[in-house]
Amino acid sequence: MNLSLRDIALCLTGADMPGPEGDRLIVAVRTDSREVAPGDLFFCLKGERFDAHSFAAQVAAAGAAAIVAQRELPEAACPVFVVADTQLALGRLARFWRDRFGRAAGTRVVAVTGTAGKTTLKELIAQTLAAGGGWKVAKNHKNLNNQVGLPLSILAADGSERAWVMEAGISKPHDMAELGVIVAPDLGVVLNIGPAHLEGLGDLSGVARAKSELLAHLAPGGVALSSMDYPELWAAARAVRPGVIGFSARDAKAPYFARFVAALPGGRGLYEIALRGETFRAELPACGAHFAENAAAAAAACAELGLDAARIAAGLKTAVLPDQRFRCCEAGDWRVVDDTYNANPLSMRRSIEAARLMAGRGRLVLVLGDMKELGRDAAEAHAGIGALLPGIAPDAVFFAGEHAGDVARGAGGAAAVTAVSDPAEVVAALAALPKGELPTTVLVKGSRSCRMERYAQALLEGLCATSTEGGRA
């Protein structure tokens, strides 16, 4: 970001800030008082359980250039900009920065959303543009994609980038209206929909409408991309943006298409990709038919931004998946797949199917946790995961959470489901297994609040510790 105190005053209060003080440039924008350094702008956010206004004196003493607050702060020895709502003001400043410098510099702003895999898609697009196209790219840090994380990510860009690739995450009907106004993308991508955040979004049609609303906020001349593989989503996207361009992992006649070809060592995969009829093959950092939609979406976005097939293939080959998103670590007799960042019925099913493909003729162990925010559909959604197990034929299933019985009910006795409450239980059970001819693949997945990363870490330390040096991640 390259904004002065005068810029911020004009944006947030409409008043000028004359003199040398107004010329002072802000170093960074912060919402965590512990991170404030000299020259930073601090926003006093207020929630149900916290009020950052209490840290005003501390922030000023740390060298903050100014504070944005919802009331006067006489204890703060620095300029204070008073606004009605600090969270909305944060979004307004991000949009101000996006408009003033993003467009002036010719920066292309990309926004992605979807039920499952949007962080991975964001990374694929950003890394392909950078490695394949040689572009300087800004992106969300990890998955900072809500009404606080998205504007902070935009304000962290310095304005010299050729592309900003941002993801937008929602859980309530009004969320996308707020995020779309902030990001105003030149290219909007809706990856998929599935039964997630149903407590806030209602049903699958509600999810489709909420996700597609991103396309209503495109900048003038913006391009819309949407998956054609979900009827409710494709209908909602076309209702919002009749000229939306489709991509698919099912319909080879779609403008952009991808299909899974073969599994490669280390959990990687080979895919065939078609860009408006031009076909090529590319290696990606995950395997399975479900990942073809990520390949199609990433290739479509990069093609619309001007990259050719060769540069897209080169960029995709070097891409690395984010932490806790189907990251594969192999050591000795074990292959641990850490997909613990989050889970919903769509992503859970896809991860299990991909793990089965990766395991091949080797043993497959599932270490699963609850899928949250499913409301009244939670029990049946977990039973639906259980119904997958007979066809997957895992060698063992461990479940941490309140829905172990529902998963077992869905499996109908065709697969034993062991309820666990501590990672040590799983490590001990697997350590007792006889050595197999092929590595044993262990998938660990569950919703964020289940903290399933504890299980993944325990498995890596308990099973792979003796041969980690010979493994790869």
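Tutor: Gladly. A contact here means heavy atoms within 4.5 Å. Among contacts in the chain with a separation of 6 or more, 64% join residues 24 or more positions apart. Please keep in mind that this is a predicted model.

Student: How do you know how confident the predictor is in the chain, and where is pLDDT under 50?

Tutor: pLDDT runs from 0 to 100, and the chain averages 92, with 96% of the residues scoring at least 70. Residues 466–473 stay under 50, and for them the model has 12 contacts beyond four places in sequence.

Student: What makes the radius of gyration agree with a compact globule?

Tutor: For 473 residues, a compact globule would have a radius of gyration near 23 Å, and the chain has 24 Å, so the two agree. The C-alpha trace spans about 75 × 50 × 45 Å along its principal axes. As for cover, 57% of the 473 residues count as buried. The chain exposes about 18900 Å², of which carbon and sulfur atoms supply 51%. Its secondary structure comes to 16 helices and 19 strands.

Student: Why is helix 1 called mostly covered?

Tutor: Buried means under 20% relative accessible area, and six of the eight residues of helix 1 (residues 5–12) are buried. They are L5, D7, I8, A9, C11 and L12. Just after helix 1, G14 takes a positive phi of about 80°.

Student: Why is S153 called buried, and what does S153 contact?

Tutor: The relative accessible area of S153 is 6%. The cut-off for buried is under 20%, so S153 qualifies with its 6%. S153 sits in helix 5 (residues 149–156). Leaving aside neighbours within four places in sequence, S153 is in contact with N140, H141, L144 and M166.

Student: How do you know that the side chain of S153 has a polar atom within reach of the backbone oxygen of G149?

Tutor: A polar contact needs N or O atoms within 3.5 Å. The backbone oxygen of G149 lies 2.9 Å from a polar atom of the S153 side chain, which is within that distance cut-off.

Student: What makes D99 and R95 a salt bridge?

Tutor: The rule asks for a side-chain nitrogen of Lys or Arg within 4 Å of a carboxyl oxygen of Asp or Glu. For D99 and R95 the closest N and O atoms are 2.9 Å apart, so the pair meets the rule. D99 and R95 are four residues apart in helix 3 (residues 86–102), which means they are separated by about one helical turn. D99 is partly exposed at 29%, and R95 is partly exposed at 25%.

Student: Why can such side chains pair at all?

Tutor: Side chains of opposite charge can pair when their charged atoms come close.

Student: Why is P439 called partly exposed, and which residues does P439 contact?

Tutor: P439 is found in the loop between helix 15 (423–431) and strand 19 (440–445). Beyond four places in sequence, P439 is in contact with G332, D333, W334, G362 and R363. G332 is 107 residues from P439 along the chain, yet their C-alpha atoms are separated by 7.2 Å.

Note on methods. Residues are numbered from 1 along each chain as its sequence is written. Side-chain values use heavy atoms; hydrogens and water are left out. Helices (H or I, at least four residues) and strands (E, at least two) are DSSP runs, numbered from the N terminus. Buried means under 20% relative accessible area, exposed over 50%, partly exposed in between (1.4 Å probe, protein chains only). A polar contact is a pair of N or O atoms within 3.5 Å; within protein, one must be able to donate a hydrogen and the other to accept it, and residues adjacent in sequence count only if both atoms are side-chain atoms. The radius of gyration is taken over C-alpha atoms; the globule rule is 2.2 Å times the number of residues to the power 0.38. Accessible areas come from the Shrake-Rupley method with a 1.4 Å probe; for residues, only the protein chains shown count as cover.
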